Amino acid sequence: MRRYIVAMTVVIPVLLIAGCGTGTAEDSATGQSSPQEASDGYPETWDDKLDGKSRDELIEDYRIELLAKSTANAQEYGVDLDIDLEDYPVIRVPEPEEMPEVQAQCLRAQGFDAYSSADGSVWTESVPDDQIPANNRAFTICELQYPIDPVTSGPYPREALDTLYDYDISTVVPCLEELGYVVEEPPSKESWVDAMVVEGIAWNPYDSLKTGELASDHAKLGEIYTACPDTPADFWPSYE
């Protein structure tokens with residue numbers, strides 16, 4: 001699973017940084033990154049993204065940032081997550097494709113009615129109002145104990161964006177069309193890569209499917225993602 005690894009919370013939006021954007025400075029006038037700011041220092045290769053760090057170092061950096069942002073967001077709603085990082089060590093780092101169900105299993109183990117889909121979604125249902133803070137705390141704990149590999153979250157280096165675009169055009173679009181779905185006309189590779197660098201999000205062949213009843217049919221979307229995987233098999237780099 002790539003691009004959009006989503007953990008859906010309820011009412012109180014605890015920020016999870018999986019699938020985050022480019023992390024560039026914001027333009028003081030618009031509140032968004034300017035093209036030049038976004039391009040400055042943007043990783044060109046996987047080695048640039050890894051920045052000489054080990055996998056364990058990147059994961060620990062991710063956990064620290066996740067807890068800080070989740071705590072700050074919860075506090076805006078008057079909720080104290082009361083989580084000490086040392087109390088929730090990493091149990092394991094799931095593969096991208098198994099992450100949604102691993103997160104759902106973790107939430108179920110904490111007593112919440114949680115579900116997952118192959119489209120990357122994780123959500124809980126029937127959460128009473130007085131359990132919403134606990135629900136959000138559970139999401140954060142599960143992210144800390146079963147963190148994503150930071151390499152599999154954005155921003156992806158330019159060489160990887162080139163690979164993703166070519167894969168979408170040559171493989172994903174024909175696969176979706178063979179299943180009978182109409183895919184929105186893609187932009188040029190240059191404009192798509194530029195949009196991903198500046199905004200962290202751009203045209204996605206699956207987006208046109210997420211309308212109407214299909215938008216909330218996680219089971220069906222999961223079938224589509226299974227039939228038409230959104231990442232080439234050899235996409236992720238190997239590192240220790």
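**Figure 1. Helix 5 is largely enclosed by the rest of the structure, because 11 of its 14 residues are buried.** Buried means under 20% relative accessible area, exposed over 50%, and partly exposed in between, with a 1.4 Å probe and protein chains only. This is a predicted model: local features need pLDDT of at least 70, side-chain atom pairs count only at pLDDT 80 or more, and totals for chains, interfaces and linings use all residues. Residues are numbered from 1 along each chain as its sequence is written, and side-chain values use heavy atoms, with hydrogens and water left out. Helices (H or I, at least four residues) and strands (E, at least two) are DSSP runs, numbered from the N terminus. The buried residues of helix 5 include Ile132, Phe139, Ile141, Cys142 and Leu144. The buried residues pack against helix 3 (55–76), helix 4 and strand 2 (122–124); contact means heavy atoms within 4.5 Å. The end C-alpha atoms of helix 5 are 20 Å apart, which agrees with the 20 Å that its 14 residues should span at 1.5 Å a residue. That expected span is 1.5 Å times one less than the number of residues.

**Figure 2. A disulfide joins Cys106 and Cys142.** A disulfide is a pair of cysteine sulfur atoms within 2.5 Å. Here the sulfur atoms are 2.1 Å apart. The link is left-handed, with -90° about the S-S bond. Distant parts of the chain are linked: Cys106 sits in helix 4 (residues 99–109) and Cys142 in helix 5, 36 residues apart. Both Cys106 and Cys142 are buried.

**Figure 3. Cys175 and Cys228 form a disulfide.** The S to S distance is 2.0 Å. The torsion about the S-S bond is about -80°, so this disulfide is left-handed. Cys175 lies in helix 6 and Cys228 in the segment after helix 8, so the pair ties together parts 53 residues apart in sequence. Cys228 counts as buried, at 1% relative accessibility. The structure holds 2 disulfides. With the bonded cysteines of the protein chain numbered in sequence order, the pairing is 1-2, 3-4.

**Figure 4. Ring pairs link Trp46, Tyr156, Phe235 and Trp236 into a cluster.** Rings of Phe, Tyr and Trp (its six-membered ring) pair if their centres lie within 6.5 Å; planes under 30 degrees apart count as stacked, over 60 as edge-to-face and the rest as tilted. By this rule the count is 9 aromatic pairs. The ring centres of Tyr156 and Phe235 are 5.8 Å apart and their planes stand at 80°, so this pair is edge-to-face. Tyr156 lies in the loop between helix 5 (132–145) and helix 6 (158–178), and Phe235 in the segment after helix 8 (218–227), so the pair ties together parts 79 residues apart in sequence. Tyr156 and Phe235 are both buried.

**Figure 5. Tyr165 and Trp192 make a tilted ring pair.** Their ring centres are 5.7 Å apart, with planes at 50°. The pair links distant parts of the chain: Tyr165 in helix 6 and Trp192 in helix 7 (residues 189–199), 27 residues apart. Both Tyr165 and Trp192 are buried.

**Figure 6. Ser188 lies in the loop between helix 6 and helix 7.** Ser188 is partly exposed, at 43% relative accessible area. A polar contact of 2.9 Å joins the side chains of Ser188 and Ser191. A polar contact is a pair of N or O atoms within 3.5 Å; within protein, one must be able to donate a hydrogen and the other to accept it, and residues adjacent in sequence count only if both atoms are side-chain atoms.
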